[in-house]
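Here is a briefing on one structure. It covers an annotated site, the shell around a ligand, and a strand with its partners.

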Amino acid sequence: MKALHFGAGNIGRGFIGKLLADAGAELTFADVSPALLDALNSRKGYNVHVVGEQATVEPVSNVNAVNSAGQDAINLIAEVDLVTTAVGPTVLEKIAPNVAKGLVLRHQQGNEKPLNIIACENMVRGTSQFKQHVFNALPEDEKAWVEAHIGFVDSAVDRIVPPAAAGSTDPLEVTVETFSEWIVDKTQFKGPLPEIAGMELTDNLMAFVERKLFTLNTGHAITAYLGQQAGHATIRDAILDEKVRLVVRGAMVESGEVLIRRYGFDPEKHAAYIEKILSRFENPYLHDDVERVGRQPLRKLSAGDRLIKPLLGTQEYRLPHENLVRGIAAAMHYRSEQDPQAKELVELLEKVGPKAALAQISGLPEEGEVVAQAVKIYESMH
Ligand SMILES: NC(=O)c1ccc[n+]([C@@H]2O[C@H](COP(=O)([O-])OP(=O)(O)OC[C@H]3O[C@@H](n4cnc5c(N)ncnc54)[C@H](O)[C@@H]3O)[C@@H](O)[C@H]2O)c1
Ligand SMILES: O=P(O)(O)OC[C@@H](O)[C@@H](O)[C@H](O)[C@H](O)CO
């Protein structure tokens, strides 16, 4: 199997790329960072530090890299059997034009083998959204061929992978937690289903996507936002703060009540899932900054993401949502000098005030009860 993976970052090197290489795929990474491209091409491999009670160092070898914006990436798309991405939701649109060019070349070259594309991003049906971007970039007369030959497969991906420890000079070093889960929608593949150890197939993907995004990522974001408010730099310190933990667990329980009703999850198993997540946030072997987990607050406060979507669910089923609202208020306070979305948030808050800003970002009705509650908490947090 030949595979091309876009995004040689934390999850790319530490999880998806590693699984593909372990499965024997001839793997190329596509990225835009010269440091990553040079290091991957000169060393052809790197070590993954899997940390936990028993730490292991797992080598990944026989990999190389190309610039994702260049002709090499286009040529590879015409050739490979699998394309995966872990570039971040906002970057999918940027890589779509080159992927479209590669698909056109594939058709021109007469390559009729099925190709499957899997976006491994924290999004609900991220590959389907990517497909839209690719189709927007395709010539009209290529769309039917792409529809017939290319599988766009949605997935849920879970492994906490912070950036390398401060002070590390190796751009390829990556440290991951022991836990990992990659679940893909088996109904969307073209051709035979791939056999990749660590990739689980399901015909009920939405349940898994929402379970992960609206439990782990909901709790994670609120840990980051309340943690920053309380002066904590890391997720571990934040979740060990009882006041933060109470709200984070409360918000995951509120979101869980929605998931239990929507997908029929077993309440006891779901409660255990929440406790396991809390213990993963506490992981003493990982250094994960609240600034990584809180990154891109506008995305995290948008209508379909980890804070607002669960809240809308509580409204649908008439369930409590006090802790989720607290998390939303804390998100509005998120500040980061390195994060353009954090700056945009501040500008919007200054320009239109918290009520209009929250309504604009989240799509919640400006005069509704939830916006009023969130703004009241936001103002009390000053
Ligand atoms: N890190 C985690 O714990 C984790 C876990 C599950 C899912 N995810 C998801 O995986 C995705 C990536 O997250 P990450 O933490 O690995 O981020 P990251 O910043 O470490 O990696 C992103 C990589 O994409 C590259 N990139 C940027 N623009 C590009 C382009 N135009 N073409 C090709 N590559 C480009 C960057 O250079 C970087 O190497 C996100 O959607 C994230 O939500 C992350
Ligand atoms: O990657 P984001 O910005 O969507 O979310 C930040 C973290 O919550 C996330 O990367 C988690 O570490 C990951 O989703 C764990 O599986």
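Ala 8 sits in the loop that links β1 (2-6) to α1 (10-22). Helices (H or I, at least four residues) and strands (E, at least two) are DSSP runs, numbered from the N terminus. This is a predicted model: local features need pLDDT of at least 70, side-chain atom pairs count only at pLDDT 80 or more, and totals for chains, interfaces and linings use all residues. Residues are numbered from 1 along each chain as its sequence is written, while chains are lettered from A and ligands numbered from 1 in the order in which they are written.

**Annotated site**

- An unreviewed UniProt entry gives the annotation "binding site" to Ala 3, Leu 4, His 5, Phe 6, Gly 7, Ala 8, Gly 9, Asn 10, Ile 11, Gly 12, Arg 13 and Gly 14. UniProt positions follow the numbering used here, feature names are shortened, and annotations may be inferred rather than shown by experiment.
- Ala 8 counts as buried because it has 28 C-beta neighbours inside 10 Å. The classes are buried (20 or more other C-beta atoms within 10 Å of the residue's own), exposed (12 or fewer) and partly exposed (in between), with C-beta atoms placed from the backbone.
- Leaving aside neighbours within four places in sequence, Ala 8 is in contact with Arg 13, Gly 17, Phe 29, Asp 31, Leu 36, Leu 40 and Ala 65. Contact means C-beta atoms, placed from the backbone, within 7 Å.
- Asn 10 belongs to helix α1. Asn 10 has 19 C-beta neighbours inside 10 Å, so this residue counts as partly exposed.
- Not counting residues up to four places away in sequence, Asn 10 touches Val 161, Pro 162, Pro 163 and Val 174.

**Shell around ligand 1**

- There are 27 residues around ligand 1, and Gly 7, Gly 9, Ser 68, Glu 121 and Asn 122 come nearest. A residue is near a molecule if its C-beta atom, placed from the backbone, lies within 6 Å of it.
- α1, β2 (26-31) and α4 (92-108) each give the shell at least two residues. The largest share, three residues, is from α1.

**Strand β3 and its partners**

- β3 (residues 46-51) has a covered face of Tyr 46, Val 48 and Val 50. Its uncovered face holds Asn 47, His 49 and Val 51.
- β3 and β4 (residues 56-60) run antiparallel, joined by five bridges. Strands pair if DSSP finds at least two bridges between them.
- A hairpin of four residues connects β3 to β4. Val 48 has Glu 58 as its bridge partner in β4.
- β3 also pairs with β10 (residues 174-177), in the parallel sense, over four bridges. Thr 175 in β10 stands opposite His 49.

Conventions. Contact = placed C-beta atoms within 7 Å.
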